[in-house]
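Open the model in your viewer and keep the sequence panel beside it. This tour tells you what to select next and what is there.

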Amino acid sequence: MKPFDRLLRRPRPDITIPETHLIRADRRLFLRGGLVAAGSLALGGCDLSDNPQVESILGGISRLNDRVQGALFGSTRLAPTFDVADITPDFPFNAYYPASKIRVIDGSTWKLELAGLVSDKAPWTLDRLRTLPQEAQITRHVCVEGWSAIGQWSGVPFRTFLERIGADTTARYVRFACGDDYWTSIDMPSALHPQTILALDYAGAPLPPKYGFPVKLRIPTKLGFKNPKHIMAITVTNDYPGGYWEDQGYNWFSGL
Ligand SMILES: Nc1nc2c(c(=O)[nH]1)N[C@H]1C(S)=C(S)[C@@H](COP(=O)(O)O)O[C@H]1N2
Ligand SMILES: [Mo]
């Protein structure tokens, strides 16, 4: 399956995506498609299977695409925010497995592990995360599978957290490892964006397991799959970390 064939694979007729949003998404897909096509042209006619050199050329083009997108999408532009009345009733659950397999993590023993380019690697408990400043947001979550919904999350601004742990904010990537073996990664400018938060609450109460207890990254400037739930470990690194969906062909940057 080609990466973009997965887009809109699982429409949710119960949730409507405003037309303006679809137009914006189309424009961006067109942009991504154009960049990807330019990359494929030079290799037309070759047998590309199992060729490590081709793999690394394509990897290079793909990383260049990510940087071009980083420059085009900007790191300070704000995602739209909404009112309490706009919140989607019964916000959807989604994961790479069905709801019957939702991970239930014990918050009393859970500790957030830190690795990589970080000066203070002491693990964080939930109580300690609650001592940091908290911020709330009502924003739209957009899933590549063809649905979007508005929800309310609150937690620690991720920039504040990165500063507290002495993260090297000149590093390229932040990688998130999750309690359900999911993982993803984001660019540092997006990690430092003012609306990127380490969310502890949904709708003013601790995240229920389905939304990622004990902690999820809420990043409204990126697609839903770049919002890791059940975070267990955070690594700051210059080595491209990929992700669960990213490694299967989804665009790594996936900015909104
Ligand atoms: N740990 C983990 N995080 C994840 C996923 C997952 O399968 N595991 N799925 C992603 C996808 S594709 C989406 S759309 C959102 C869904 O979040 P929600 O269940 O709070 O709606 O979580 C993202 N984060
Ligand atoms: Mo998603």
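Strands here are DSSP runs of E with at least two residues, numbered from the N terminus. With that in hand, select P208. This residue lies in the loop between strand 7 (205–206) and strand 8 (216–218). Keep in mind throughout that the model is predicted.

**Stop 1**

Is P208 buried, partly exposed or exposed? Its relative accessibility is 26%, so P208 counts as partly exposed; that class runs between the cut-offs of 20% and 50%. In sequence, P208 and V104 are 104 residues apart. In space, their C-alpha atoms are 9.0 Å apart.

**Stop 1: the whole chain**

Zoom out and colour by secondary structure. The chain has 5 helices and 9 strands. Trace the elements from the N terminus: the order is α-α-β-α-β-β-α-β-β-α-β-β-β-β. Switch to colouring by accessibility. The chain has 256 residues, and 45% of them count as buried.

**Stop 2: S148 in strand 3**

Select residues 147–157, which form strand 3. S148 belongs to this strand. Its relative accessibility is 1%, and S148 therefore counts as buried. Show the side chains of S148 and R140. Which contact joins them? A polar contact of 3.1 Å links the two side chains.

**Stop 3: ligand 1**

Centre the view on ligand 1.

- D180: an N or O atom in the side chain is 2.8 Å from a nitrogen atom of ligand 1.
- N227: a polar backbone atom is 2.8 Å from a nitrogen atom of ligand 1.

Finish with a surface around the ligand. On its own, ligand 1 has 530 Å² of accessible area. How much of that does the protein cover? The protein covers 99%.

Conventions. Residues numbered from 1 in each chain as written. Chains lettered and ligands numbered in written order. Predicted model: local features only at pLDDT ≥ 70, side-chain atom pairs only at ≥ 80, totals over all residues. Heavy atoms only, no water. Polar contact = N/O pair within 3.5 Å; in protein donor to acceptor, adjacent residues only side chain to side chain. Areas by Shrake-Rupley, 256 points an atom, 1.4 Å probe, with all protein chains shown as cover. Helix = DSSP H or I, 4+ residues; strand = E, 2+ residues; numbered from the N terminus. Buried < 20%, exposed > 50% of the residue type's maximum accessible area, 1.4 Å probe, protein only.
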